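The report below walks through a structure from its overall build down to single residues. Please keep the sequence and the model in view while reading.

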Amino acid sequence: MHRLSCLSLALLTPLTLAQTGPLTPVTDAMLAAPPPESWLNWRGGQDSWGYSDLDQINTGNVHQLRLAWSWSFDDTGAGEAAPLVHDGVMFLPGPRGVIQALDAAAGDLLWEYRPGITPALPGSDATPLGPDQLGDAVLPATAWAGVGRGVQKNIAIYGDKIFAATENASVLAVDSQTGLLAWETPVTDPALGYNYVAGPIIADGVIVTGINGCDRYKEGACYITGHDPDSGEELWRTSTIAQPGEPGDDTWDDLPPAFRAGGDSWISGSYDPATGLVYMGTAQAKPWARVVRGADGDALYTNSTLALDPHSGEIVWYYQHLPGETHDMDEVFESVLIDVDGRQSLFKMGKLGILWQLDRATGEFINGADIGYQTIVEFDPVTGSVRYRDGMIPRIGQQLDMCPSTSGFKSWRAMSYSPQTQALYIPITLNCELATFGPVEFELGGGGAGPVRRENYPHPDAGDNLGELLVLGVPDGEVRWRYRSRAPVNTAALATAGGLIFAGDWDRRMFAFDAGNGEILWQTRVNTSAQGFPISYMVDGRQYIALPTGVGGASWSTMLPRDLAPELRRPAGGNAIHVFALPE
Amino acid sequence: MMAINIPVHRGRIKSARIAPILFCLATLGTLAAANAASLSDGLYRAEQAARGAETYRAVCSSCHALDLRGNSNSPGLRGIGFLFIWEGRGLGELYTKMRSTMPTDNPGSLTEREYLDLLAFLLERNGYPAGNTELANVSGELETVVISAAGGN
């Protein structure tokens, strides 16, 4: 059936398929230094700059930008797509494990992979998971516990395969030319709540993936795995939770292992061929509040940046940003690898809005900058130490007034870095919350984040605005410019060599900013919320900007606009990709 | 409406037997004049809750989990997590929140009957007894019902 579809497409659009042709195998060298025409890693380069070297579209002509094509993808779950482009083919991750390959110039479908439906490669011994195991991926009506909204943010490409991590806690590979399943490896039991929402990255020939859904009490912690790209064999598994008898055990007080929850990886990592290390963030401990989880210790290795050897999984170093975190102030987000005056550095920002600069060879704290919106901690920019302000550690049933809300100033909308301006472009949302943390059931199957009586309110520094694109200089974090909007800035940022920054907002607007001064040089309005990871690429000498839209999208999309900007509305559907180019 | 303070403790609700008594006393004092219905009266039918279970499985469980205990971004809908959020608040408020905000990726997309069935299912899973009439949103009746702890959590 699938091959018949491809054949039909080939007959209908022979030029299209001839254009795309056989795909060049993707090598480690290509991933490390992607051809400018391509977008080979979820954030472009392995350094996660979210930056394109293309400059055909630039500050002088971006006002002429117009729609080349658009494509709707399944509305069966939240759309937070981070597409890849290779050899003129766009690989688009959709909800519920669907992957589609499109002609990146014309917008024609070349193939699609659907879990449980697409067959295996001829001659492959791949054993696709059956409908009983696939649960939500094959039919939303059979959702398993904890599978979320079917989010599939990103995928990876290497050799002749596309790699994905599924909501059913498996890692799989499909043939990049046909979409047929090459292998699928169940990693753990999704019935326990395990799932993937962030996709794999490739690090020196190893698939590295972190699992999610570790909030309930269960035998088995959260972990990051390495898989072989040819066979799917699991090469190593590293727990993100310190275990008894291991370093960091005492940071969980006396909690038994089954009650040490959290440390999820819901955002993908970065890789540096120079250091040979993978950089992965981990989420906060669960339940969120110390008093609810019953431990005041640091809770290693939650809310940390981990540097891992991709061949052994060894934690070479870790940096815990907020030891013993207690308000859901996640630090799991992207690691942006920038050399500053010859020093190999890693930049990241968590929900609190503290910009961290670490030495990516040693994990040493170099520098930090609090953007000044949070009211929870005192931050020492010299040492990087964090101390909770008086009265700000939650007690059960006691209301706290805190900025940000548990939604955070920063979330999955990744920042970008432009080497032209030496600045970071950071989508944030301004908000605060009256929060009252509550108890959980202290038994296997119980736990979780913990209930919160929540009342969101606008940030006093932001007037009526929820959205901000904040531009900070590297390395000191000085504010270059900021753009504010009523609606949340709801996409990752994209920087280009054309001196441009692309981003979109919840209120269906997409923008091109002058990277230097923030002037809006182009904008358009689309079907629903801009949402996902914008990219740029080139086919046959023509540069394209691809901007995703989406439904769902977690609390920045589903809660904050509803509560704090109720006059704004968006349609109920609309997962799509919108591709723009200059007139031919 | 008056919030009814039922002590809940980490690990287990200890008010299973006391709660209905306190609840009844409280409602006698505060709501009797309005002839308010009580959750202990059996405000839904078992068949209705069974329909709600099917809708829940299809529409809600991917966020709130099949066992209703929730996940990181989705609060628990049973037990002490549910009571922490909803105790002392009106059933009508819960119904309005469901109708206006759920499911988060397509709020208001179910029929009124489906939302009422879901509410019946939540009541059943939180230990409130079934009765002989279906839960309905007639004349704002739900607004007068206060959520309190029940047995069976």
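## A report on chains A and B

Just after helix α5 of chain B, the residue Gly127(B) takes a positive phi of about 90 degrees. This is a detail of a predicted model, which scores ipTM 0.83 and pTM 0.91.

Helix α5(B) covers residues 112-125, and its 14 residues reach 20 Å from the first C-alpha to the last, close to the 20 Å expected at 1.5 Å a residue. The helix is mostly covered, for 11 of its 14 residues are buried. Among these buried residues are Tyr115(B), Leu116(B), Leu119(B), Phe121(B) and Leu123(B), but Asp117(B), Glu124(B) and Arg125(B) belong to the list as well. What lies over them includes two other helices of chain B, namely α2 (46-64) and α4 (91-101). An α-helix has 3.6 residues a turn, so residues three or four places apart point the same way.

The mean pLDDT of chain B is 78, and 75% of its residues reach 70 or more. Confidence in this chain is highest in α5(B), at 96, and lowest in helix α1 (residues 18-30), at a mean of 41. Over residues 1-34 of chain B the pLDDT is below 50, although this stretch has 51 contacts in the model beyond near neighbours in sequence.

**Chain A as a whole**

Chain A has 7 helices and 40 strands. Its radius of gyration is 22 Å, close to the 25 Å that the globule rule gives for 584 residues, so chain A is as compact as a globular protein of that length. Taken along the principal axes, the C-alpha atoms of chain A fill a box of roughly 70 × 55 × 50 Å. Buried residues make up 60% of the 584 residues, and of the contacts in chain A with a separation of 6 or more, 62% are between residues 24 or more positions apart.

**Strands that pair**

Five strands of chain A form an open sheet in the order β1-β34-β35-β36-β37, with mixed pairing. The edge strands are β1 (51-52) and β37 (520-525), each of which pairs on one side only. Elsewhere in the description of chain A there is a hairpin, formed by β32(A) and β33(A) with 5 residues between them, and in its turn Gly477(A) has a positive phi of about 80 degrees. The table sets out two strand pairs of chain A.

| Strand pair | Direction | Bridges |
|---|---|---|
| β32(A) (residues 467-473) and β33(A) (residues 479-485) | antiparallel | 6 bridges |
| β1(A) and β34(A) (residues 494-496) | parallel | 2 bridges |

At the level of residues, Val471(A) has Trp481(A) as its bridge partner in β33(A), while Tyr51(A) has Ala495(A) as its bridge partner in β34(A).

Is Ser536(A) buried or exposed? It counts as buried because 30 C-beta neighbours lie inside 10 Å, where 20 or more are needed. Ser536(A) lies in strand β38 (residues 535-539) of chain A. Leaving aside neighbours within four places in sequence, Ser536(A) is in contact with residues including Ser52(A), Leu54(A), Leu494(A), Thr496(A) and Tyr544(A). The C-alpha atoms of Ser536(A) and Pro83(A) are separated by 9.9 Å, although these residues are 453 residues apart along the chain.

Val340(A), by contrast, lies in strand β21 (residues 336-340) of chain A. Setting aside neighbours within four places in sequence, the contacts of Val340(A) are with Ser345(A), Val474(A) and Pro475(A). Val340(A) and Arg570(A), which are 230 residues apart in sequence, are 42 Å apart in space from C-alpha to C-alpha.

**The nonpolar cores**

The largest nonpolar core has 173 residues, and those with the most contacts inside it are Phe91(A), Leu424(A), Tyr425(A), Ile501(A) and Tyr544(A). Apart from this core lies another, of 37 residues, among them Phe84(B), Tyr115(B), Leu123(B) and Leu135(B). Two of these, Tyr115(B) and Leu123(B), are also among the buried residues of α5(B). Tyr544(A), for its part, is in contact with residues including Ala68(A), Ala104(A), Ser536(A), Val579(A) and Phe580(A), leaving aside neighbours within four places in sequence.

Key:
Residues numbered from 1 in each chain as written. Chains lettered and ligands numbered in written order. Predicted model: local features only at pLDDT ≥ 70, side-chain atom pairs only at ≥ 80, totals over all residues. Helix = DSSP H or I, 4+ residues; strand = E, 2+ residues; numbered from the N terminus. Expected span 1.5 Å × (residues − 1). Buried ≥ 20, exposed ≤ 12 C-beta atoms within 10 Å, placed from the backbone. Contact = placed C-beta atoms within 7 Å. pLDDT = per-residue confidence, 0-100. Pairing = 2+ DSSP bridges. Rg over C-alpha atoms; globule rule 2.2 N^0.38 Å. Core = buried A, V, L, I, M, F, W, Y, C linked by C-beta atoms within 7 Å.
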